[in-house]
Amino acid sequence: MIIEYHRPPTLAEAVQLLQRKHPPTRPLGGGTALNFKGEEPLAVVDLQALGLDAIERQGNRLQIGATSTLQQLMEFPDLPSALGDAIRRQATYNLRHQATVGGSLASADGRSPFGVAMLALDAQLTLMPEQRTVSYGDFLALREEFLTGHLITWIEINLQVELVTESVARTPADLPIVFAALARWPSGRLRFALGGWGKTPTLVLDGQGHEGLRLAAESAFSAAADEWASAAYRSQVAGVLAKRCWQRLASGI
Amino acid sequence: MQVTLLINQTQHTLEVSPHETLLSTLRRLGYFGAKVGCDTGECGVCAVLVDGKPLNSCRLLAAQVEGHVIETIESLGQHPHQGWKQTEGLHPLQQAFIESGAIQCGYCTPAQILAAYHLLQHQPNPSEAEVRDALSGVLCRCTGYLKPVEAVLRAAALLRGEAVPPLAFGDRELLSLPVILQSPSDADGTAQFPSSEARTQTKILPKVIFSPQVPQHQRIGKPEKKVDAVKLAQGKPAFAADFEMRGLLYAKVLRSPYAHARIKRIDTSRAKALPGVAAVLTWQDIPRVVYSTAGQSDPIPGPLDTFSLDNKVRFVGDRVAFVAAETPEIAEQALKLIEVEYEPLPAVLDPAEAMSPNAPRIHDEPEYVNFAESDPTRNLAAHIHIDIGDVEKGFAEADYIFEGDYEVPKVQQAHIEPHVALSYWDEDDRLVIRTSTQVPFHARRILAPVLGLPIKRIRVIKPRIGGGFGGKQEILIEDVAAHLTIATGRPVLYEMTREEEFIAARSRHPMRIHLKTGVKKDGTITANAMRVLSDTGAYGCHALTVTGNTGHKSMALYVGDGEYRQRPNIQFHADVVYTNHPPAGAYRGYGVPQGFWPVERHIEKIARALQMDSLEFRLKNALRAGELHPFSTAWSEGREPRPEVIQTCGLEECVRQGKAAIGWDQKFGNPQWHEVPGKPHLRRGIGVALVMQGTAIPYLDMGGASIKMNDDGSFNLLIGATDLGTGSDTVLAQMAAEVLGVELEDIIVYSSDTDFTPFDKGAYASSTTYISGAAVTKAAQQVAERIRLRAARMLNKAANGSGEVTPEMLTLREGRVFAPDGRSVSLAEVAHNALHHEDQEQIMGVASFYSPVSPPPFAAQFAEVAVDIETGQVTVDKLVMAVDSGVIVNPITASGQIEGGMTQALGYAVCEEMCYDEHGRARERDLRHYHIFQAHEMPELETIFVETYEPSHPFGVKAVAEIPMDGVAPAVGNAVLDACGVNIDDNPVTPEKVWRALQAQRQEQSA
């Protein structure tokens, strides 16, 4: 249960609050992911007054304020269309106007299309108070640690990167059973991520060649069983989607 | 903490706790337009505008929105006529929602309108896809989204100053049909979500094929606006929880973590000691009264096996204790302080094991009351065995025998308004229960012994209902609030959370079905046998009747041809067993969707095996008008069966119309069409299912109506019939208006209140338009007769001896009473004469109706799909349903029923199911994991009505509400077979099932 609400006017004050041990204190973005009714007493730090809701293009890089909403990001003119699609898959209209980019990344589980796409894009996160940059992949690996006493302030992606996504679900808007995202840099670097399973999106490949992509995808999901699908199915479909992603990138569709 | 909120341009400074949501604050302040749906942001019915953006107020803290501009639905538009005061009237969006039939239950309407308002502020000329996207965040379980989308497009056009064609039917033909605002753009049939283009052809008005037998009417057959739409479009406090009361307590229920356990010890002392707790009740505190929660007529056709609270729990989520407290949060906290010591018992989670000799016994309570062949010693809640003709002889006469096993899942009604009830003692110490129920009169009768009150000291009020679909044909929560009101003397509100809806409310019975069919070489069915194992869960509510209808409807459709038409051979056998799953119950369709999945999948396989045209095969064997309903002599919901002859059957015309609409002849068997250019992994398929339902329960279902005339020639129509969003208040008013010759606005409808309205058995069994409608018609005829008598006297008096008329010569139309020579008096004059001037009387009529027959509606359901043969993903592209529901009283509300029903049934086809782990714990506990279709992922929907004139009803109507649930799933299953040659015999048709079947097919082919 939330026992304290704070809306600090400065980043420094926000970080100070977040570094308290008691009561446990969490950042509050849009509020869509936070459990309002959890059993433990919790303090929240509302980030809305910190001016972190801007989205700016700086050369080929897109700087996204952590409290920008998913809708703001989706409407950004130069956004890769596949990322916009992933956002639409992530949240419906009302929730997109409410959910923040930072909050969505921080809380992404394996079935988060946006999280998978951002992992493929190798999004970079700026964390306070150290003001250090970590990749989204590294963040996911040590999420609990990064979420304690830290604050995501900015997210950066490279707009030169091409992105394609593919998915399988029971219906067009249902949670994906497998979600695949393949990103290609002008240098030829390929980065492939999978979702639809697990506690976090899964990075499958980061390298130069597409050979072995399908196999890597199948292998990455070879144990991806849960109550929604078997590992055999997910593994096979991951391979199929990996192949399709590459075919679309290669053919420019 | 203190916050200042700017809501609808009014500043409110108030104390809130840090955890208080904006939704809670708004409702505390009386802004009831924001509704409670899920508390997790998935349903969106709590949406309000914050700084102009539609946000879900259940996911916002009140403190978060301080300093922002909040607008609720209450800020938008007003009733245009408020006495001497001029108002701006309704907003064009509200007006369009009303006119387009976009409002059914209206629970999600405020949020839909606000989302659309935001869209139109930013995009005055939206595409259909943009509208669908804007509505994607607000779940609607009633409409299928088609009419809300159309409403937004029409409102947008109006706001741009464009002319929008009126929605109106002419006399016996459609003048404005259809309004197509955007053509289907799915050129290759492979649209993937999210599509930048619309995939849905939008039509408000359905195609209606008129019957020459149907006489011309003034109000019947017209797309009248719903009588409750204006208040719903404004978000007025019309629902059960939209109520303010001094001293209100909030109820919460402690639920079992075990599937099967005995409560050895329960200590509530710590909970009771918590400040703010008013009462804690366990099984030790209230009388032990056995009853059934099934909201059915007396005697309930099922076992009595339930207690308000018991010392044993029978499923994860079963009740353990009730708490009432000053706030919901305190009540929640108190639940955690109740100490319970359980003795876990072995659980039965596989229905196939329920009747084995070693199975744990779920109902061992001595109070258990059997019904018919229920046998708790064998975990048998109900048993049915029906023999019609001689199936063994029929099988012996067959050239081929086809057998198959099928399975259907447990699914949820998922009405967006949760179960909610408010109870209080009134000034006469009578217990008032304001509840979201489909069965107010049954609720009163069933609750009386449970609460220790005589029926006359209970008043049940049914306000507007935010959807029910059978889930509220259950006395599920009223006792919780009522027990706590009795314990505390204070008003108590109990509103189920969405999680409780999933773990503790009712659901559709899952079943395993075996079918055996004998067929001659020429395609004549000689015998048909169905064997069902149905899982009723922990309690036997609706166990017998739901499963009985599985056979009664689905096994009645194919009687065979030739001599078999007169003497069909049909066998239906069902065991309905107790398990430690949450109880199943009534869900729209009531057992019939469970029957038509196997029957229509099976029939398709047989037709293909015989290499016959599948529609020709179906129609050759299908029931026809003039034939005996084969089950009518064998079974009638646990009561005495009586023979019924089918009077009307438009099935052949439904097939003809449906085929044309979906392009069957161009697609079925056309290899070219099945391929998708440029997408070698996709295969198109087309499928069909024929279905029938019933219309009410014969010799049982009764509805009453009362009509009284007012001074101005308007009428109060009081009905016990329970409009749960279907539009029944409107169609019943149309019938009254037709008889009385007035505009619909001159009929003031009120439903339902056990103190004020006549008895009606409630909203179930597709009965209201037929049963309650006939009662209304009879009552209106009585009133019309009194009016004619008086009008004749008035006309004769005025004529002063010349041109005498008799009452029989007079007609009522246009608010007047006309003589054949054109003389007339107004109804207001008649009313004044009756009430004030001469031989005074209250002109009124009271009538009731029950029917000796249950005339079945029939339908042909078509589906078009695209199957990804590499992943198994199935995309449903189009659904067409051609329905014979008799005469259509209101094509706009009736088509809304079909569209919404098809959408629910689409979920049954591809994604909806409730699964449990080895401990009986639910997989689906929220609307994120239990996916119901959203506005932006819908296939194209098309509805066609093929009218017949059912002679047993004064206006020739049959049912429309449940039949759309029956055919979508098997039509989709058959379309998948058509697309890629694999049979999925257990719905939903999920990607992995299709993929596995394709794998098996490939292995078979390679072998």
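In chain B of this predicted model, four strands form an open sheet in the order β27-β26-β25-β31, with mixed pairing; strands are DSSP runs of E of at least two residues, helices are runs of H or I of at least four residues, and both are numbered from the N terminus. Two strands are taken to pair if DSSP finds at least two bridges between them. In general, the strands of a sheet pair through backbone hydrogen bonds, either parallel or antiparallel. Strands β27 (747-750) and β31 (844-850) of chain B stand at the edges and have a single partner strand each, so one side of each is left without a neighbour in the sheet. From one strand to the next the twist averages 20°, where axes are lines fitted to C-alpha atoms, for helices over the stretch in contact, and angles run from 0 to 180 degrees between N-to-C directions. Within this sheet, β25 (residues 702-709) and β26 (residues 715-719) of chain B are paired in the antiparallel sense over five bridges, and B:Ile707 stands opposite B:Leu717 of β26(B).

Residues are numbered from 1 along each chain as its sequence is written, while chains are lettered from A and ligands numbered from 1 in the order in which they are written. Because the model is predicted, local features need pLDDT of at least 70 and side-chain atom pairs count only at pLDDT 80 or more, whereas totals for chains, interfaces and linings use all residues; side-chain values use heavy atoms, with hydrogens and water left out.

Chain A also contains an open sheet of four strands, in the order β9-β10-β11-β12, and here the pairing is antiparallel. Its edges are formed by β9 and β12 (202-207) of chain A, each with a single partner strand, so that one side of each is left without a neighbour in the sheet. The twist in this sheet averages 10° from one strand to the next. Strand β11 (residues 190-195) of chain A is joined to β12(A) by five bridges, the two strands running antiparallel, and A:Phe192 has A:Leu205 in β12(A) as its bridge partner. Helix α9 (residues 213-220) of chain A packs on the sheet and touches β10 (178-184), β11 and β12 of chain A, its direction making about 155° with that of β12(A); contact here means heavy atoms within 4.5 Å.

Elsewhere in chain A, strand β6 (residues 124-128) and strand β7 (residues 132-135) run antiparallel and are joined by four bridges, with A:Arg132 in β7(A) as the bridge partner of A:Leu127. These two strands form a hairpin with three residues between them, and A:Gln131 in the turn has a positive phi of about 55°. Backbone features are also found in loops. The peptide bond from A:His22 to A:Pro23 is cis, with omega near -10°, and A:Pro23 lies in the loop between α1 (11-18) and β2 (25-28) of chain A. In chain B, the peptide bond from B:Asn987 to B:Pro988 is cis with omega near 0°, and B:Pro988 is placed in the loop between α24 (968-980) and α25 (991-1006). B:Asp39 has a positive phi of about 70° although it is not a glycine, and this residue is found in the loop between α1 (22-28) and β3 (47-50) of chain B.

Between the two chains, 54 residues of chain A are in contact with 57 residues of chain B. The chains bury about 4,600 Å² between them, 55% of it on carbon and sulfur atoms, buried area being the accessible area (1.4 Å probe) that two parts lose on being put together, summed over both. On the side of chain A, A:Tyr93, A:Asn94 and A:Arg170 lose the most area to chain B, together 16% of what that side buries.

Six salt bridges are counted between chain A and chain B, a salt bridge being a side-chain nitrogen of Lys or Arg within 4 Å of a carboxyl oxygen of Asp or Glu. A:Arg88 forms a salt bridge with B:Asp133, the closest N and O atoms being 3.5 Å apart. The side chains of B:Glu870 and A:Arg244 likewise meet in a salt bridge (2.7 Å, N to O); B:Glu870 lies in the loop between β32 (858-868) and β33 (874-884) of chain B and A:Arg244 in helix α10 of chain A, so the pair joins two chains.
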